[in-house]
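The structure comes first, and the reading follows.

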Amino acid sequence: MSRIAVVTGGTRGIGEAISLKLKEKGRFVVANYGGNDAAAKEFSERTGIPVRKWDVGNHEACIESCAAIEAEFGSIDIMVNNAGITRDATMVKMTFEQWDEVIRVDLTGCFNMAKAVFTGMRERKWGRIVNIGSVNGQGGQIGQVNYAAAKSGIHGFTKSLAMEGARHGVTANAIAPGYIGTEMLSTIPENVMEKIVAQIPVGRLGNADEIARGVEFLTSENAGFITGSTLSINGGQHMY
Ligand code: NDP
């Protein structure tokens with residue numbers, strides 16, 4: 001029987017690549033998204049992957065949506081917390097709303113989704129949770145105190161969750177991507193982008209499939225002894 005996977009933000013960008021990779025490797029995938037109905041419809045028609053819309057920052061919506069998915073398709077074995085947003089501004093200019101929105105979606109979203117599935121995974125003695133962090137959560141970044149705090153929080157969250165799942169067959173790991181060529185980068189000015197690429201030892205941006213391969217491995221049957229780790233996939237940009 002196929003393992004059932006939910007990928008948040010699974011219809012575009014890195015999430016799309018993760019959904020496709022997990023499907024290709026035999027998992028049954030349900031892709032969540034937040035608001036872009038047209039992209040989700042196109043994705044679902046093209047791939048045959050069912051899509052479900054809810055806001056990962058909304059606790060009740062996460063609990064109810066996961067319960068509905070389990071009633072329709074079966075127990076969720078794999079949770080990939082990929083949904084994320086940026087609201088960049090320097091500290092001087094950042095508003096409370098920009099801070100709050102990013103923490104709510106990027107960090108609280110991971111809590112909400114793990115909360116919805118963790119007890120069931122422990123009871124069934126098998127589960128895989130992968131949270132998508134960021135190189136900027138590891139190293140910080142100008143203009144991103146909100147995003148870096150959320151992503152850094154993901155790494156601590158993952159380690160603690162891993163400890164609580166370890167004796168129950170549930171692993172929790174994080175992936176910290178470097179700069180990956182998706183729409184998320186479209187707000188970064190070209191001259192800034194050139195400077196960023198110059199700091200990446202392999203000399204290029206990553207692509208979404210390179211993150212998806214990491215997720216596929218960490219959610220596989222073979223990865224049961226890997227938990228509480230952070231897999232950096234960043235072209236050598238950050239090595240500690
Ligand atoms: P995109 O902006 O391309 O896609 C984001 C996805 O998240 C979309 O599917 C979007 O849904 C969904 N989403 C956003 N907000 C919510 C919400 N409140 N509830 C549910 N879904 C939501 O981002 P990327 O693919 O580039 O990024 C994916 C993850 O990787 C993020 O966590 C990001 O922080 C992280 N990351 C990305 C890097 C990069 O260089 N691109 C680098 C490091 C980390 P919708 O389509 O409806 O808008």
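## Helix α1

In this predicted model, α1 is built from 12 residues and spans 17 Å between its first C-alpha and its last, close to the 16 Å expected at 1.5 Å a residue. The helix is mostly covered, with 10 of its 12 residues buried, and those buried are G13, I14, G15, E16, A17, I18, S19, L20, K21 and L22. Just after α1, the backbone at G26 adopts a positive phi of about 95 degrees.

## The shell around the ligand

Both α1 (13-24) and β2 (28-33) contribute at least two residues each to the shell around the ligand, and α1 gives the most, namely three residues. Among the 30 residues around the ligand, those that come nearest are G9, G13, G34, G84 and M184; of these, G13 is also one of the buried residues of α1.

By residue class, the shell holds 13 nonpolar, 14 polar and three charged residues.

## Packing of α3 and α4

Two packed helices are described by the angle between their axes and the distance between the axes. For helix α3 (residues 59-73) and helix α4 (residues 96-124), the axes come within 9 Å and cross at roughly 35 degrees, and the crossing in which α3 passes α4 is right-handed.

On the α3 side the contact is made by H59, C62, I63 and C66, which meet N112, M113, A116 and V117 of α4. The residues of this contact comprise six nonpolar and two polar, with no charged residue.

Key
Residues numbered from 1 in each chain as written. Predicted model: local features only at pLDDT ≥ 70, side-chain atom pairs only at ≥ 80, totals over all residues. Near = placed C-beta within 6 Å. Helix = DSSP H or I, 4+ residues; strand = E, 2+ residues; numbered from the N terminus. Nonpolar A, V, L, I, M, F, W, Y, C, P; charged D, E, K, R; others polar. Axes fitted to C-alpha atoms, helices over the stretch in contact; angles between N-to-C directions. Left-handed = near helix turned anticlockwise from the far one by under 90°. Contact = placed C-beta atoms within 7 Å. Expected span 1.5 Å × (residues − 1). Buried ≥ 20, exposed ≤ 12 C-beta atoms within 10 Å, placed from the backbone.
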